[in-house]
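Please look over the model shown below.

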Amino acid sequence: MANPSQFGFQDASSPIMEELVEFHDHALMVALAICSLVLYLLTLMLMEKLSSNTVDAQEVELIWTILPAIVLILLALPSLQILYMMDEIDEPDLTLKAIGHQWYWTYEYTDFKDLSFDSYMVPTSELPSGHFRLLEVDHRVVVPMESPIRVIITAGDVLHSWAVPTLGVKTDAIPGRLNQTSFITTRPGIFYGQCSEICGANHSYMPIVVESTPLTHFENWSSLLSIS
């Protein structure tokens, strides 16, 4: 959960998000090095007198042609690696289907018989003490910890987007089309997200809450929910 006046990312709770945060820091260091070099050269040009040595400098032109290419390679290689990791879905332990509606989510656990429910935002007037306004829902998505989870995402009316920042997940929900993504939670906890697509007047009122629990607790929860 983000804190007030927080500048950085939320604490990563999945391997993909950890890689994304690491790549962000890597790109920032490259940008810092470039900005420092440009600032140094600008300062040097302003303080030094012009001379004829800057008129014919093939070596300098060669350097400022090759150096940007090397920088782009340093940024492209880890970026492509993360993209392939995000698209890789290999034998998930659980498949979850998320269907976006105006303005709530419907979840179906296709690996369990007759296990589906709607997830609505809890109104402020009914919000229990200590819970987050505009982020809490009446039915959370419960998943087992440290298990590969595949999420099949679609929409029943307009465009939506299923996004949970701390898990590094953001996938569009498109009517008539199935998109899929995957994640693995590395620790137990409650992770909050929201619809990240402008799907209507109340699009900011369809939050997403994912609760990560040990496998035994998940089995108990699914059994109780199936009976009810």
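Is E136 buried or exposed?

E136 is buried, and its relative accessible area is 3%. The model is a predicted one, and this value is computed from it.

E136 also takes part in a charge pair. Its side chain forms a salt bridge with that of R140, at 3.1 Å from N to O. The structure holds two salt bridges. As background, side chains of opposite charge can pair when their charged atoms come close.

## Cysteines without a disulfide

How many disulfides does a search of the whole structure find? The count is zero. C195 is in no disulfide, and the nearest cysteine sulfur, that of C199, lies 3.9 Å away.

C195 has 5% relative accessibility and counts as buried. C199 counts as buried too, at 6% relative accessibility. Buried means under 20% relative accessible area, so the 5% of C195 falls in that class.

The protein chain is divided in two: domain 1 spans 13–85 and domain 2 spans 92–224. Their centres, taken over C-alpha atoms, are 39 Å apart.

Where do the domains meet? On one side, seven residues of domain 1 are in contact, and on the other, nine residues of domain 2.

## The area between the domains

The size of an interface is often given as the accessible area lost when the parts come together. For domain 1 and domain 2, the buried area is about 590 Å². Carbon and sulfur atoms give 50% of that area. S13, S14 and M17 supply 71% of the area that domain 1 buries against domain 2, more than any other three residues.

What kinds of pairing join domain 1 and domain 2? There are four residue pairs in polar contact, both residues being at pLDDT 80 or more. The side of domain 1 that touches domain 2 has four nonpolar residues, two polar ones and one charged one. Salt bridges between domain 1 and domain 2 number zero.

Terms used:
Residues are numbered from 1 along each chain as its sequence is written. This is a predicted model: local features need pLDDT of at least 70, side-chain atom pairs count only at pLDDT 80 or more; totals for chains, interfaces and linings use all residues. Side-chain values use heavy atoms; hydrogens and water are left out. Domain bounds come from an automatic or database domain assignment. Contact means heavy atoms within 4.5 Å. Buried area is the accessible area (1.4 Å probe) that two parts lose on being put together, summed over both. A salt bridge is a side-chain nitrogen of Lys or Arg within 4 Å of a carboxyl oxygen of Asp or Glu. A polar contact is a pair of N or O atoms within 3.5 Å; within protein, one must be able to donate a hydrogen and the other to accept it, and residues adjacent in sequence count only if both atoms are side-chain atoms. Ala, Val, Leu, Ile, Met, Phe, Trp, Tyr, Cys and Pro count as nonpolar, Asp, Glu, Lys and Arg as charged, and the others, Gly among them, as polar. A disulfide is a pair of cysteine sulfur atoms within 2.5 Å. Buried means under 20% relative accessible area, exposed over 50%, partly exposed in between (1.4 Å probe, protein chains only).
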